[in-house]
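Please read them with the structure open.

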Amino acid sequence: PASSPAAAPTDLSLEASSKRRKTTRRGKGADAGALAITPVPAAESEPEPELEQQGLEGLRERFVRYREGASRDAEVWHRPHDASRPPPPPDAEHTAEAMDGEADVGAEPASVYLELVRAPASFADPVRVDVVPEPTFTVVGRMTFDHPGVYLVSVRAFVLTDRQARTVAEWDPAAHRQSDELHGHTETMRVEVSAGQVGQCLDVEFTFEELRFRTTSRMALRYLNFAFVSAAGGCTYLHYRQPTVVVSRKNDQLSRARDVLRAHSGLEPILALPAAP
């Protein structure tokens, strides 16, 4: 069973040290195709606290599942050998066709390693229905591909109850029914892989800009998991060990919800929520 979460820090900075490669992603603006994890920009108003890399290390747990079951020891999911596609013909014409812009339906990465790189510190306090926690949850998938082409890769967020979190090693995202409790739970990225990038590790960023709860948790704990699920079988998922309680926009629920969190962790909540407008 998952152990109680460590105290979450309130540091404001997070920046990945590794270099990011360019790919194509959904988004707005001229820089939508550049993958980069940057610190929260300075602003006149005080930014919402986010968890730094060291603090997140104590709040995330990674699992890899194959047909045989889940494993804490494995860090990277690898596509099963029996599901591997035959290699493409090594000619320039095929490479040009693969990069023509149409995604190769059913094509998947050869390996996936998920990393939760940003999380809002306010998640340790009760969160309100239909309010996106700021800064948003961000997951980076470190992936390799065994042939050039255009891939559509998805990472999904799931809501877990306290009981499911206590047996998270047995949890299977493929068998988890996604309810209406969570909005904006799936992020899909379009990844272009050139012939020169085959076999190299590419970082693909999944930013859950619309992730929010749609219903209250009725004073029960709620956890989040982030998962890549392979159509060929197996998956890799991250368990975020910091629970929250989802409340309505009425302020009279905050005190009771904080008592629930305090009883779980024995710690004071990190932040106080502002009054509802």
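1. Four strands make up an open sheet, ordered β3-β4-β6-β10, with antiparallel pairing. At its edges lie β3 (77-78) and β10 (202-207), each of which pairs on one side only. Please keep in mind that this is a predicted model.

2. Within that sheet, β4 (residues 111-118) and β6 (residues 138-144) run antiparallel and are joined by seven bridges.

3. Which residues of β9 lie on its covered face, and which on the uncovered one? Glu-187, Met-189, Val-191 and Val-193 are on the covered face of this strand (residues 186-193). Thr-186, Thr-188, Arg-190 and Glu-192 are on the uncovered face. In a regular strand, side chains alternate between the two faces of the sheet.

4. For the chain as a whole, the count is four helices and 14 strands. Of its 277 residues, 47% are classed as buried. The exposed surface comes to about 13,900 Å², and 50% of that is supplied by carbon and sulfur atoms.

5. On sequence separation: taking contacts between residues at least 6 apart in sequence, 78% link residues at least 24 apart.

How values were computed:
Residues are numbered from 1 along each chain as its sequence is written. This is a predicted model: local features need pLDDT of at least 70, side-chain atom pairs count only at pLDDT 80 or more; totals for chains, interfaces and linings use all residues. Side-chain values use heavy atoms; hydrogens and water are left out. Two strands pair if DSSP finds at least two bridges between them. Helices (H or I, at least four residues) and strands (E, at least two) are DSSP runs, numbered from the N terminus. Buried means under 20% relative accessible area, exposed over 50%, partly exposed in between (1.4 Å probe, protein chains only). Contact means heavy atoms within 4.5 Å. Accessible areas come from the Shrake-Rupley method with a 1.4 Å probe; for residues, only the protein chains shown count as cover.
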